[in-house]
Amino acid sequence: MINIRDSRALILHLFGMILGFLGIALAESASYHRFYVIAVSTLLIMTVIIDGSGWIRPYSYLVLSFFVFVWMRYILNIFYGAEIISVGDGITEYNMNIVSVWLGMAMNIICMAAIISSRSFAYRKRYFFEGNSRLRIPKYAENMILGIAIGFFVMFLIDSVRKVSVVQIHDYLSVSETVLIQGYRWFSLGKWTLLVWIILGRDENRFFKGSTITAVAGLGYLMRGARGYAIMYMFLWLLFYSQKKKIKIFTLAIIGIALLYLANFILSYRMGWSVATGFVNIIKSVLYQQGASVESVFGSVIFRDDIRLYFSPIDLFRRNDFGIFVDRLRGVTWVSGGFGSSFFAESYFCGFPVNIVFLVVAGVCAGFVECAYQVSQKGVGIKKKIGMEKYVHMDCAEFANIILFMTIPNLIYLGRSSIKDFIIKTILVAVILTAVRGHSSKMYQRGINKC
């Protein structure tokens, strides 16, 4: 059932949709465009606040991903006059306004689907997040798997230390696609091994421990000059840390500023020269760089017909070079590098009504993860007696925490990832959890399943 808070948030997003339709009719109006960007930004922040569940949660991460990766340049343009689209053809005020309307309305649809679905999943939370037993491995096997995972991460860190000299001596762009990505497999092996421990392990504190391990291992990406992956796992750690200790808004602001400084330092480190100096300039510079995914969205919206001559919507699921085609067909001809892709770019490219379907599905997946978070916040460990002697420990939040651990990094990266990453990962997690569920006896269902 939709409560009053959810109703208010939905009304705000419906209001945003109305503003979007007006924005299509008034796309040539610069003043309306500025109003629209500020209005959408405000209502998104308000929907985070209205819920009252705090700033560190999946829905907040969804909004943050949108702001940082595709919306930030519009905000910087209004307050600091920064360029929204820096290079390529078709850069007109009308085109940029049309892209902003697509982004705003797309986010309204995703958020509405997330809000509604999170409440819908809450009605079946016992099936999705609680209740049933699961496969568990013996303690010795658990320790062995954890040790193997840590070993892989150590190999990744050692290899990353070796890459420091590569970054310092050579030009980053000339080696980023070759030497620097060598060794990534160690992190991948460590991550997948750690997931086995997370899913089948017995340690009640393994989610926080696992997020800490991945956050520390993510430092290897920083050594290679890659910021996104490291920060992604830092946010995963922050989520599980917030379950242990409430984080105040002032502390979050300090963390945010520190991450911006870290991002600026890493970019300067990999380029070999100081990118920005001064408090305000560093913040503007980093946010502007992270907002570069809007260039891919711009190309997809304005040059969709040209792109379709060489790239079909089906290719989005068979290939990973959509961003390259977008850059090429909008006149960006860099020898190396590029703006990459974006969920919002690829979803628009699919065309109506398929793009709406993907927006709704992404929202449903975000709502699924948000509901998992709400369950994890309320879950408690209990003991139930079966028969005369057996006691079984059941953590009602266990399945919910597994979902969070496996999907939060993809949710954080939604704004600059492909159309399939977050959606497929969430569906895959649901399938895996269904597979590891045990079949409980009637006595177990009557007793343990009531968390």
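Predicted model: local features only at pLDDT ≥ 70, side-chain atom pairs only at ≥ 80, totals over all residues.
**View 1. A cluster of rings, built from ring pairs that link Phe-69, Phe-153, Phe-156, Tyr-184, Phe-187, Tyr-221, Tyr-229, Tyr-233 and Tyr-413.** Residues are numbered from 1 along each chain as its sequence is written, and side-chain values use heavy atoms, with hydrogens and water left out. Rings of Phe, Tyr and Trp (its six-membered ring) pair up if their centres lie within 6.5 Å; planes under 30 degrees apart make the pair stacked, over 60 edge-to-face, and the rest are tilted. Search the whole structure and you get 32 aromatic pairs.

View 2. Helices here are DSSP runs of H or I with at least four residues, strands are runs of E with at least two, and both are numbered from the N terminus. Is Phe-156 buried or exposed? Its relative accessibility is 0%, so Phe-156 counts as buried. (Buried means under 20% relative accessible area, exposed means over 50%, and partly exposed is in between, using a 1.4 Å probe and protein chains only.)

**View 3. Trp-237 and Tyr-241 form a stacked pair.** Why stacked? Because the ring centres are 4.9 Å apart and the planes sit at 20 degrees. Both residues are in helix H11 (residues 228-244), and since they are four residues apart, about one helical turn separates them. Trp-237 is partly exposed, at 27% relative accessibility, and Tyr-241 is partly exposed too, at 26%.

**View 4. Two charged side chains sit over rings: Lys-244 and Arg-328.** To count, NZ of Lys or CZ of Arg has to be within 6 Å of the ring centre and within 35 degrees of the ring normal. The charged end of Lys-244 is over the ring of Phe-208, 5.2 Å from the centre. Arg-328 lies over the face of Phe-325, 5.2 Å from that ring's centre.

**View 5. The second largest pocket holds about 1,200 Å³ of space.** On a 1 Å grid over the protein atoms alone, a pocket is an open set of points with protein on both sides within 12 Å along at least five of seven lines, whereas a cavity is a set where a 1.4 Å probe fits but cannot get out; lining residues have an atom within 4 Å of a point. Grid points are joined across faces, edges and corners, and the volume is the space filled by probe spheres set on the points. This pocket has 36 lining residues, and Leu-64, Val-68, Phe-235, Gly-256 and Leu-287 lie nearest its centre. Which helix gives the most to the lining? Helix H3, with ten residues. By class, the lining has 29 nonpolar residues, six polar and one charged. (Ala, Val, Leu, Ile, Met, Phe, Trp, Tyr, Cys and Pro count as nonpolar; Asp, Glu, Lys and Arg as charged; the others, Gly among them, as polar.)

**View 6. The largest cavity has a volume of about 30 Å³.** The whole structure has one cavity of 30 Å³ or more. Its lining is Gly-23, Leu-26, Ser-29, Tyr-32, His-33, Tyr-36, Asn-97, Ser-100 and Val-101. Helix H2 and helix H4 (93-122) each supply at least two of the lining residues. The class count is four nonpolar, five polar and no charged.

**View 7. Arg-330 is buried, at 0% relative accessibility.** Look for Arg-330 in the loop between helix H16 (322-329) and helix H17 (343-349). Skipping neighbours within four places in sequence, Arg-330 has contacts that include Asp-89, Glu-295 and Phe-339. Contact means heavy atoms within 4.5 Å.

**View 8. Thr-407 sits in helix H19 (residues 398-412).** With a relative accessible area of 0%, Thr-407 is buried. Leave out residues up to four places away in sequence, and Thr-407 touches Val-369, Phe-422, Thr-426 and Val-429.

**View 9. The peptide bond from Phe-352 to Pro-353 is cis.** Its omega is near 0 degrees. Pro-353 lies in the loop between H17 and helix H18 (354-378). Most peptide bonds are trans.
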